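Dear colleague,

Please find below the structure that I am handing over to you. My findings follow directly after it.

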Amino acid sequence: MGWGGLSWSPDGKYLAVSHSDEIGNPTRLALLPVDGGERRFLTLPPANVFDTNQQFSPDGRWIAFVRWRNNSNADLFAVSVSSGELKQLTFDESVIPDYQWDTDSQSLYFISNRKGNTRLWSTNISARQPEPSASSLLHLNSIAISPNGEQLAFTQPTTDTQIETYHLDTPASSKRVSCMVNSSQADDSPRFSPDGSRIAFVSTRTGLDEIWIANADCTNQVQLTRFNQHGVGSPRWSPDGERIVFDRNIKDNTDIFTIRADGTDVRQLTSDGAVENMPSWSRDGKWIYFGSNQSSISRIHRVPTTGGAVEQVTNSPGRESIESADGRLLYYTNSDRLWRKDLLTGQEAIIPELA
């Protein structure tokens with residue numbers, strides 16, 4: 001049986017196919033001569049492994065393919081048509097939705113979630129370390145390279161969400177929209193300022209993730225950040241309403257930043273190589289809490305709002321946290337449970353009512 005598409009050799013003499021003799025046997029790459037000659041197998045993967053998505057290089061000397069071990073475990077390979085030499089090009093055991101040869105028959109562009117976000121990467125048959133390509137492109141589905149190698153076409157899903165405000169003093173059956181923060185792209189993660197006069201939110205209306213603010217009546221929508229990238233989110237107001245904290249992904253690493261509500265004075269508070277996200281302010285405005293995987297699993301940490309050393313707060317795993325109104329207790333998520341830590345005694349426990 002065939003699986004994973006077909007690929008013609010550039011000279012039109014051969015067809016590369018994915019083939020398995022029967023269910024349970026590995027799916028192998030084979031060459032079929034169009035003149036009716038005998039098929040020739042090029043790969044022999046282990047049982048229950050699928051060599052598929054094959055593509056001839058433009059010069060016809062190589063066939064690239066994806067070796068799937070399961071739906072979320074795959075790597076990119078290339079096999080020499082003449083010698084059968086096999087080269088493994090990635091070693092990430094990640095998802096590879098699509099790839100394309102470049103016109104030089106040496107380089108390949110591929111989509112992968114090898115570092116978290118599904119994005120575009122490049123590599124070559126010399127098996128050098130893959131590098132990110134067109135770094136502003138995330139969440140891609142498929143790609144195509146123009147014949148002259150100068151243009152890239154791609155598909156990228158878009159989401160159009162909107163932010164609506166409702167009056168809470170009306171019956172649930174007759175909730176009416178007070179106003180709407182809307183664009184042709186995604187608008188989400190709204191947070192009211194402490195005095196209720198403004199809303200901070202994330203929008204992709206520029207084509208990329210940025211922090212925006214608007215009046216509580218949805219007027220005067222203003223862009224605050226201009227990072228020109230994806231991976232910016234989780235805005236929260238400071239207790240005095242002067243600053244907004246958020247997380248930002250830089251080169252596949254997420255750090256904590258703050259910005260003034262007028263869009264000035266961007267400050268980066270973490271830069272230690274760990275993934276740090278989901279920030280929140282302490283009630284007195286002196287600390288910012290966040291989840292950090294500095295010790296291999298995510299625990300709650302904090303950093304002074306003016307910058308300084310990062311401190312681990314919880315011993316139990318945690319991702320998102322918020323202080324109690326009196327500032328004594330820290331509530332935080334741990335897997336599917338809600339925990340709290342007494343910041344005076346240091347005791348950590350599951351919330352009894354939710355245990």
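A search of the whole structure, which is a predicted model, finds one disulfide. The bond joins Cys-179 to Cys-218, with an S to S distance of 2.0 Å. The torsion about this S-S bond is about 60°, so the disulfide is right-handed. Distant parts of the chain are linked by the pair, the two cysteines being 39 residues apart. Cys-179 belongs to strand E16 (residues 177-181), whereas Cys-218 lies in the loop between strand E19 (210-215) and strand E20 (222-223). As to accessibility, Cys-179 has a relative accessible area of 12% and Cys-218 one of 8%. Buried means under 20%, so both values qualify.

Strand E10 (residues 107-112) runs antiparallel to E11 and is joined to it by six bridges; here Phe-110 stands opposite Trp-121. Strand E12 (residues 131-132) is likewise antiparallel to E11, with two bridges between them, and Glu-131 in E12 is the bridge partner of Ser-122.

Two open sheets may also be of interest to you.

In one of them, four strands follow the order E5-E6-E7-E8, with antiparallel pairing. Its edge strands are E5 (50-56) and E8 (86-88), each of which pairs on one side only. From one strand to the next, the twist averages 30°. Strand E7 (residues 73-80) and E8 are paired in the antiparallel sense over three bridges, and Val-79 has Leu-86 in E8 as its bridge partner.

The other open sheet also consists of four strands, in the order E21-E22-E23-E24, and its pairing is antiparallel. Strands E21 (232-237) and E24 (267-268) each have a single partner strand and stand at the edges, so one side of each is left without a neighbour in the sheet. Between E21 and strand E22 (residues 243-250) there are four bridges in the antiparallel sense. Within this pair of strands, Gly-233 stands opposite Asp-247 in E22.

With kind regards

Key: Residues are numbered from 1 along each chain as its sequence is written. This is a predicted model: local features need pLDDT of at least 70, side-chain atom pairs count only at pLDDT 80 or more; totals for chains, interfaces and linings use all residues. Side-chain values use heavy atoms; hydrogens and water are left out. Two strands pair if DSSP finds at least two bridges between them. Axes are lines fitted to C-alpha atoms, for helices over the stretch in contact, and angles run from 0 to 180 degrees between N-to-C directions. A disulfide is a pair of cysteine sulfur atoms within 2.5 Å. Buried means under 20% relative accessible area, exposed over 50%, partly exposed in between (1.4 Å probe, protein chains only).
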